[in-house]
Amino acid sequence: MNLHDLKQIALITDIPIMSDDTIEAISKEITLHHCFSVLEIGTAIGFSSLSLAHKHENLSITTLEKDEDRYEEAIKYKSLLDQRNQIKMICTDAFEYSPHQMYDCIIIDGAKASNQRFFQRFFPFLKPSGCMLIDNIDFHGARDEDIQHRSRQFKKMIHKISEFESWIKQHAYVNVEKLDVGDGLLKITHKPHDTHFYGKIVQ
Ligand SMILES: C[S@@+](CC[C@H](N)C(=O)[O-])C[C@H]1O[C@@H](n2cnc3c(N)ncnc32)[C@H](O)[C@@H]1O
C-alpha cells in the first residue's frame, strides 16, 4: 500500500481529496514558512496529511475529522503509511475543538460554506510567521452564472464561499493571496506586527 493506492481508493469511493498541484503548492508554503507544525481541518481518509508528512519528515500534523467512518478509515491508512508517526488524527467536529498550541500552518479543507467560521475560530492559533491555506475557493470553477440549474443548497454554498472571499479580502488585519492551483487556494497571513488575533477565539 502506498499514497498512489490511497488516492485510487479515494477516487473509486468518491471521497473528495486535494489535487496533486494543491498538495505541491501547500508543500512549497510549508518550506517557505519553515513550518514544523500543521493543523488541518478535514482529514477525510488521510490523503493530504499522509502526503504532506511523506514530503516533510520533520513535520507534525494534527488533523480533525467529524465523520466517524472516514476517521476510522484514515486511522487504518495511517497505521500503514505514517511510518515516522508524524500525524495525530482526531475524530471531532472542528467547532468543538480548541487547539492547545499555536501552529506554523493551518489548512482549512472542511465544509466549504463554513470557511468564515473556521477562519474566526482557528486564525488566532496561527503563529505570526505562519500561513493559513483554504482549499477550493473557486469550488470546481463554479460561478454564479453557471450554477442556475443546481440545487438551492449548492447555490448557497457557492454564494457563501465567494462572500467569504470578499469579506476576508477587506479584512484590515490580514494579507490575502489567491494561488492558482487546483480550484483555488487562498493564502492568509498576519500583517507584520499585528496582534489583533492572538489567543482569541472569535465565534
Ligand atoms: C474535502 S474533504 C478533506 C480532504 C482531505 N483534506 C484530503 O485532501 O485528503 C473534507 C472533509 O472535512 C470533513 N469536515 C467537514 N466539516 C467538518 C468539521 N466541522 N469538523 C471536522 N471535519 C469536517 C468532512 O467530513 C470531509 O471528510
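An oxygen atom of the ligand lies 2.8 Å from an N or O atom in the side chain of R70, which makes a polar contact (a pair of N or O atoms within 3.5 Å). This is a predicted model in which local features need pLDDT of at least 70, side-chain atom pairs count only at pLDDT 80 or more, and totals for chains, interfaces and linings use all residues. Residues are numbered from 1 along each chain as its sequence is written, and side-chain values use heavy atoms, with hydrogens and water left out.

**Exercise 1.** Describe the shell around the ligand by residues and by elements.

*Solution.* First, 22 residues surround the ligand, each with a heavy atom within 4 Å of it. The closest are M18, G42, E65, R70 and D109. Next, the shell divides into ten nonpolar, five polar and seven charged residues; here Asp, Glu, Lys and Arg count as charged, and Gly is among the polar ones.

**Exercise 2.** Is E40 buried or exposed?

*Solution.* Locate E40 in strand β1 (residues 37-41). Its relative accessible area is 1%, so E40 is buried (under 20%; exposed is over 50%).

Key. A polar contact is a pair of N or O atoms within 3.5 Å; within protein, one must be able to donate a hydrogen and the other to accept it, and residues adjacent in sequence count only if both atoms are side-chain atoms. Helices (H or I, at least four residues) and strands (E, at least two) are DSSP runs, numbered from the N terminus. Buried means under 20% relative accessible area, exposed over 50%, partly exposed in between (1.4 Å probe, protein chains only).
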